[in-house]
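Please look over the sequence and the model shown here. A short report follows, written for someone meeting this structure for the first time.

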Amino acid sequence: MELICPAGTPAAFREAVDAGADAVYCGFRDETNARNFPGLNFSRDELKTAIAYARRHKVMTFVAINTFMRAGQEKLWHDAVDDAVRLGADALILADFGLMAYTAERHPQQRLHVSVQASASNADAVKFLVETFGAKRVVLPRILTIPDVARLARQISCEIEVFVFGGLCVMAEGRCSLSSYATGKSPNMNGVCSPASHVRYREDGSELVSELGDYTINRFPAGEAAGYPTLCKGRFDIAEERGYAFEDPVSLDVMDHIDALRDAGVGALKIEGRQRGKAYVAEVVSVMRRAVAADATERPALLSRLRRLSEGQKTTSGAYEKRWR
Amino acid sequence: MTLPFAMTAPLRFAPLPLIEHATRLVFAQVVRQYPDLFDRLGEHADKRYAFVPTDLPLVFLIEPAARRISVHHKPHLPAADACMGGTFVLLLALLEGQLDGDAVFFSRSLTITGDMEAMLALRNALDDCNIDLPADIARMSGPFAPLVRRAASEIRTRALSGEAARWN
């Protein structure tokens, strides 16, 4: 199975390649990609250099242009597609159907992958994207169980890629409005979930308080691992109880289920984390590379060291092992 | 790793101009070695960034636009737009990209206050530069460069050996 690895900077890109990635995904330094954070991402020249580096090591480069176009400003997204094709991207990861149409018409030879942001989670949706735009691969939303993935794989003709490690979104990928509600900016339209410009951390006695816009997201007592300041990971007062209404501050880790995913028809394993540093990329990719090649009995020991890199320093298998339905 | 008191105590009494002069020499060497270091900051280059080592009696203030670093004695904290706190070794490891900033933040080993966007931009800018302090300090050491580099590398290895989430 292919290992698809994140890179937010050229340095992280090289680390991913050197650590054993089969493909590295990255994005431009603007609103066209869903990790549009300050100081992150690639200029055109940086992408050109990165693709050349990857090719020398027989590694593919996927370019994520996976936000939704704004009416009247489509040129930003069209230019991103044209430039990524010109620079030699091995695949474009797209979410917007209009942008998929543009790509299919202008660059029919370009390999197109359906982003997780497109929320293509059933056979009809995937078939439509394959037949209409020639999509070669779908990145499945993190809402399906492994048996769900297996059933879907039997009904579709394109390759399947799934997230196996890293940050975890609520089950409305590509449609989540929580960040918009609190800050006016969203991952879907602006490429930023809980933009740093709206985030504040402050100490209140022994507690660490995280705030997003005008909202207090969480209060972490001394000694408790912290999480990202997103509303979905916020601690809320509900009736008489205080707790996590949407999800806990934990990261996804389903590497224990590699064999089951392979049997289900998954061809590519994706690591989340373009916003993370090169130290994260180097560590996670190298461990994952070894884990994919290792015997199932050896994997837990390999993977346990990754927990401390995770949000909240805890991991979950999320919907892949859905127990609440 | 927290620096032992015996190692940090002399800094309480050392003349500040002397400490600042040494710090500026290293800072100038790093800026010379990585001229693109602050390019990724964009609009945040004009901000002031304070670094507060929890185990040193000192505060470091970096002003990227002016390519300037200044050193201050605690408890005096210079005015800053964003502030990062942690052990001295942790801050140096982040400077070099040896540790993942998010991971140490989750573990509560690192505190960030003030302008989060500016600090995030600086973190990403630093992460993209392959700063290697032992090598950079060695370049300033003339004929002693190989010796200084070996010694500094050894100190770094030992200092980071106990840190979680260390880069391979």
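## Two domains in chain A

In this predicted model, the C-alpha centres of domain 1 of chain A and domain 2 of chain A lie 26 Å apart. Domain 1 covers 2-168 + 250-321, and domain 2 covers 178-244. These bounds come from an automatic or database domain assignment.

The two domains touch. On one side are 14 residues of domain 1 of chain A; on the other are ten residues of domain 2 of chain A. Contact here means that the C-beta atoms of two residues, placed from the backbone, lie within 7 Å. The domain 1 side that touches domain 2 divides into four nonpolar, six polar and four charged residues. Ala, Val, Leu, Ile, Met, Phe, Trp, Tyr, Cys and Pro count as nonpolar; Asp, Glu, Lys and Arg count as charged; the others, Gly among them, count as polar.

## How to read the model

Residues are numbered from 1 along each chain as its sequence is written, while chains are lettered from A and ligands numbered from 1 in the order in which they are written. Because this is a predicted model, local features need pLDDT of at least 70 and side-chain atom pairs count only at pLDDT 80 or more, whereas totals for chains, interfaces and linings use all residues.

## Chain A as a whole

Chain A holds ten helices and 15 strands. Helices (H or I, at least four residues) and strands (E, at least two) are DSSP runs, numbered from the N terminus. The C-alpha trace of chain A spans about 60 × 50 × 40 Å along its principal axes.

How does the radius of gyration of chain A fit a compact globule? A compact globule of 325 residues would be near 20 Å, and chain A has 19 Å, which agrees. The radius is taken over C-alpha atoms, and the globule rule is 2.2 Å times the number of residues to the power 0.38. Of the 325 residues in chain A, 54% are buried. A residue is buried if 20 or more other C-beta atoms lie within 10 Å of its own, exposed if 12 or fewer, and partly exposed in between, with C-beta atoms placed from the backbone. Take the contacts in chain A between residues at least 6 apart in sequence: 63% join residues at least 24 apart.

## A three-strand sheet in chain A

Three strands of chain A form an open, antiparallel sheet in the order β8-β9-β10. Two strands pair if DSSP finds at least two bridges between them. The edge strands are β8 (199-204) and β10 (215-220) of chain A, each pairing on one side only. Neighbouring strands of this sheet are turned by 25° against each other on average, direction ignored. Such angles use axes fitted as lines to C-alpha atoms, for helices over the stretch in contact, and run from 0 to 180 degrees between N-to-C directions.

β8(A) is joined to β9 (residues 207-212) of chain A by six bridges, and the two run antiparallel. One pair to find is A:Asp204 with its bridge partner A:Glu207 in β9(A).

## The sheet of chain B

Chain B has an open sheet of five strands, ordered β3-β2-β1-β4-β5, with mixed pairing. β3 and β5 of chain B each have a single partner strand, so one side of each is left without a neighbour in the sheet. The twist averages 20° from one strand to the next. α5(B) lies across β1, β4 (82-86) and β5 of chain B, at about 60° to β4(B).

Two hairpins can be traced here. β1(B) and β2(B) form a hairpin with four residues between them. Three bridges join β1 (residues 49-53) to β2 (residues 58-63) of chain B, running antiparallel. B:Phe51 has B:Phe60 as its bridge partner in β2(B). B:Phe60 also has a bridge partner in β3(B), B:Val71. Six antiparallel bridges join β2(B) to β3 (residues 68-73) of chain B. In the hairpin of β2(B) and β3(B), B:Arg67 takes a positive phi near 50°.

## Where the chains meet

Across the interface, 30 residues of chain B are in contact with 31 residues of chain A. The chain B elements giving two or more residues to this side are α4 (101-106), β5 (111-114) and α5 (116-128). α5(B) provides the largest share, nine residues. By class, the chain B side has 14 nonpolar, nine polar and seven charged residues.
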